[in-house]
Structures are given as C-alpha cells and as structure tokens.
Amino acid sequence: MYIYKAAVIGAGTMGAGIAQVITYSGLPVILRDVTQEAVDKGLATVRKIYQGRVDKGKMTATELEQKMALVSGATDDTGFSDVDIVIEAIYEDLEAKQKLFQTLEKVCPEGCIFASNTSSLPISAIASATQKPEKVIGMHFFNPAPVMKLVEVVPGLGTSEETIDDIVLFSESLRKIPIRVQECAGFLVNRLLMPYLNEAAIALQEGAASAKEIDAALVKLGMPMGPLTLFDMVGIDVSVKVADILHDAYGTRATAARILRELDQADRHGLKNGAGFYDYADEKKGDLESLIQKIQAEGAKKTEFSSNRIIMPMINEAVISLQEGVASAKDIDIAMMAGTGFPQDKGGPLHYADQIGLDVVLSELESLCEKLGDRFWPAPMLKRMVQGGYLGKKSGKGFFQY
Ligand code: CAA
C-alpha cells in the first residue's frame, strides 16, 4: 500500500519531530493534539527544526514555507477520512492509546494503518482493543526523530505481514533504517539502552564518580553523548516509566536507580523543564547533590567507577536479546548504531564484544557480579560461546565470523 497522507497524534517533541520527518519526505501530515495551544507548540517545533536547516544554508526560506505548507494542525477528526497511516505519539498509557485507536478506526479509511510510537507498551495489547489488529503495529522513532536513523518495526501478535511490509517501505521512504524487532518489553533498543543508562545513574548515586566524570568517560569511549545527558534529553519522567515496564518484565536486573525516582519527584524531568541530572535554567529546582546525599544517608554503599561497569550491562542484554530471538546479531548492532549513535568504529555492542574478546567480557561480567550484584549475571549464551571456543575476533568466530 502506498502512503499518500499521514496523521500524527500528539504534538510533543516526538510527535512534532515525526511530523517534520514526514513532511521532509514530501508527504502531507496532520499534527493533532488535544488543545490548540499544544498544536501550535508542535507546529512551532516543526518550524524550528526547518529554521535550523535554513540557518545552516541547507535549505532556503521558500523551501521552508513549502515544507510547512504540508503540515496542518488539528484538534479534532477533520481531514482524517483520507489518511493512510496514523502514528500516535501520545503519553505512555495503554488505555489512552487503546481508546485513541478505537475512536480513530471509526473516522479513518478501511485500509488505514495504526502505528504506535510507544517506547515500551505491548503492541498486541494496544491492538486488542481495535477492530483490526492486523493493521496495528509499532513504529518506534528515536529522539531526536529528525536525526536518529532508526525505526523499530514491531509487529503485535495479530499484525499482518502486509502491514509490516508497508511500514518497512514507508520508513525507507522517510530515509530511515527500519529494523524488525520481536515484541518484548522495551523492544530492542530501550531494552539494551536502559541497563546502560541505569548503571550510570546507580554509579552516580553510589558516589562512584560525578555526573560529569561519568558522562566524560562514556564520551571518551565514543558514545555521542554521556548517559546522564541522554537521560535528560529523553526525559526523566519518560525514563522512569520505561524503567518500570522493564523491571516488570525482566525483574531485579532491571530495577530502576533510586536517583531517577528522586529526580522525578523533585520535578527535575530533564532538558524539557530546565533541570534533571544537570541544570539548564537560571531558576533552580533543588539540587542533585542533596538527592545523592539523601540516598547515601539511607544506606547506598560507596562503589568504584569504571566505563566497563556502564557498557557491560548493554552488551549482556544484547546477548540475552539475541538468545531470545528478539533480532539477529547484525540487526542488533545496526539498531544500536542507528538508534543511539553507538560508535561506528566499534560496530555495535556485539561487534564490540567480539573485539574485546568474549572470554574477557565474561570474566568482566563475573567480576562485576561479585562486586556489585546479580544484575551483571552473564547471559547463558555468552558462557556457552566461551566454553565452545567462540571468543570473538581472536579465535575467528564469535557473534560474527572473521
Ligand atoms: N532536532 C532536530 N535536529 C537536531 C536536533 C534536534 N533535537 N539535535 C541535533 N540536530 C541536528 C543538528 O541540527 C545537526 O544537523 P546537521 O548535521 O544537518 O548540521 C545534527 O543533528 C548533529 O547535531 P549537532 O552537531 O548539534 O550535535 P551532535 O553531533 O552532538 O549530535 C545528537 C546530537 C544527534 C543528539 C547525538 O548526540 C546523538 O546521537 N545522541 C544520542 C541520542 C540517542 O541515543 N537517542 C536515543 C534515545 S532513546 C529514545 O529516543 C527511545 C525512547 O523511546 C525513549
């Protein structure tokens, strides 16, 4: 099915970013939210993204207006009778998403695809409330949507192959890299990213290093930004929700760092409201140090910092996801590079593990397990590979052949 017109529901950072991506590819899009104020804010965000390109000389002011003419704001169902795809990017609430698709099914054409940009809610559960689960799918963009190349394509239990193919082709027409991922909590990228981000937060609350030191160490390793800066960009409130969903699915290895909840309760939601792990506005909302001291006074033990402590949980979760068949080794690596900027020269977490040596990764995880706890428990597949002589590059075979 060719997509001629799209609608995006939710005009926040992600919704507006997705609308910009769609108009950039030349397609018309409706950007809908509940209030006119929210719609106007979303349209202003789209304009700002284009203005950035004009300022850099990558686009003319006339081209900007041509692109802006492709996006129309709405607070109701007007214009939905001929949309081919609806992408929802509203807040993470299962019932709200179910109700939204139920209502839209009544006004959208018969063949319309209902895609959810949810980070972690089950697509099958969203689809279960609709008349046509075969038309419901996860289409997960990454923040900032105009820049990050990845789209996770997540079929639910009832999604048809035709809908999957349509979303793959549509994503490619948006100049994105679609990776098909098996439905599971956090899908692929958040499932791998969160243990890495969370460990950075745990290291901080345990006084292992300062926020700046932790971020600098990971940037030195080649990550495009430090984990705590990334938390602030994604949003602490959003991250707490994702962390809770992961904990619910994967148990204690995914327990959210206490500092995340403290920041959330202190209304430090990250970049968007002026404060998170870092301060971005003149007006202060308490301070990070006192939250850390509170956690330490209540018993958090002092631990040591190393970059391995932060990166190993991502590698381990990559192996667990591979062993569960969430995606192939190649797709896992592509997704992490395209969705999070994992350094290209390391080739993704599994190529990186092959470079380090799987025996070294295993012994590092075992040592972290002993020092810091069972959340570092090595993936069974990793042990099997080491026992079988699959040591990575040095033995000619690991997750990949050399
Ligand atoms: N909107 C639009 N464009 C943006 C942007 C934004 N918010 N931020 C940066 N850009 C553009 C810039 O204009 C620039 O464009 P040009 O190349 O055309 O000049 C380009 O992106 C690079 O930006 P910068 O040079 O300013 O900065 P950078 O090189 O440091 O890159 C970054 C910024 C792309 C954000 C990079 O730091 C990065 O990749 N960070 C990791 C982001 C990440 O991991 N995202 C996933 C988060 S998890 C998630 O989103 C899932 C979820 O469900 C919660």
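Contact is taken here to mean heavy atoms within 4.5 Å. The structure is a predicted model, in which local features need pLDDT of at least 70 and side-chain atom pairs count only at pLDDT 80 or more, while totals for chains, interfaces and linings use all residues. Residues are numbered from 1 along each chain as its sequence is written, and side-chain values use heavy atoms, with hydrogens and water left out.

The protein contains 17 helices and eight strands, where helices (H or I, at least four residues) and strands (E, at least two) are DSSP runs numbered from the N terminus. Its C-alpha trace spans about 60 × 50 × 45 Å along the principal axes. The radius of gyration is 22 Å, which agrees with the value near 21 Å that a compact globule of 402 residues would have; this radius is taken over C-alpha atoms, and the globule rule is 2.2 Å times the number of residues to the power 0.38. Of the 402 residues, 55% count as buried, that is, under 20% relative accessible area with a 1.4 Å probe and protein chains only. Among contacts between residues at least 6 apart in sequence, 69% join residues at least 24 apart.

The largest nonpolar core has 102 residues, of which Val86, Leu228, Ile259, Phe277 and Phe399 touch the most other members; such a core is a set of buried Ala, Val, Leu, Ile, Met, Phe, Trp, Tyr and Cys residues joined through side-chain atoms within 4.5 Å. The largest share of this core, eleven residues, comes from H7. Apart from this core lies another, of 37 residues, among them Ala19, Val39, Val54 and Phe141. In soluble globular proteins, nonpolar side chains tend to be buried together.

Helix H9 (residues 227-234) has as its buried residues Pro227, Leu228, Leu230, Phe231 and Asp232, and their cover includes helices H7 (189-205), H8 (211-220), H10 (236-250), H11 (258-265) and H13 (307-324). After H9 comes Gly235, whose phi is positive, near 110°. Beyond its neighbours within four places in sequence, Phe277 is in contact with residues including Leu228, Phe231 and Asp232, as well as Ala201, Ile259 and Leu288.

Towards the end of the description stands Met385, which lies in helix H17 (residues 380-387) and counts as buried because its relative accessibility is 10%. When neighbours within four places in sequence are left aside, Met385 is in contact with Leu358, Tyr390, Gly398 and Phe399. The C-alpha atoms of Met385 and Ser25, 360 residues apart along the chain, are separated by 44 Å.

Note on methods. Buried < 20%, exposed > 50% of the residue type's maximum accessible area, 1.4 Å probe, protein only.
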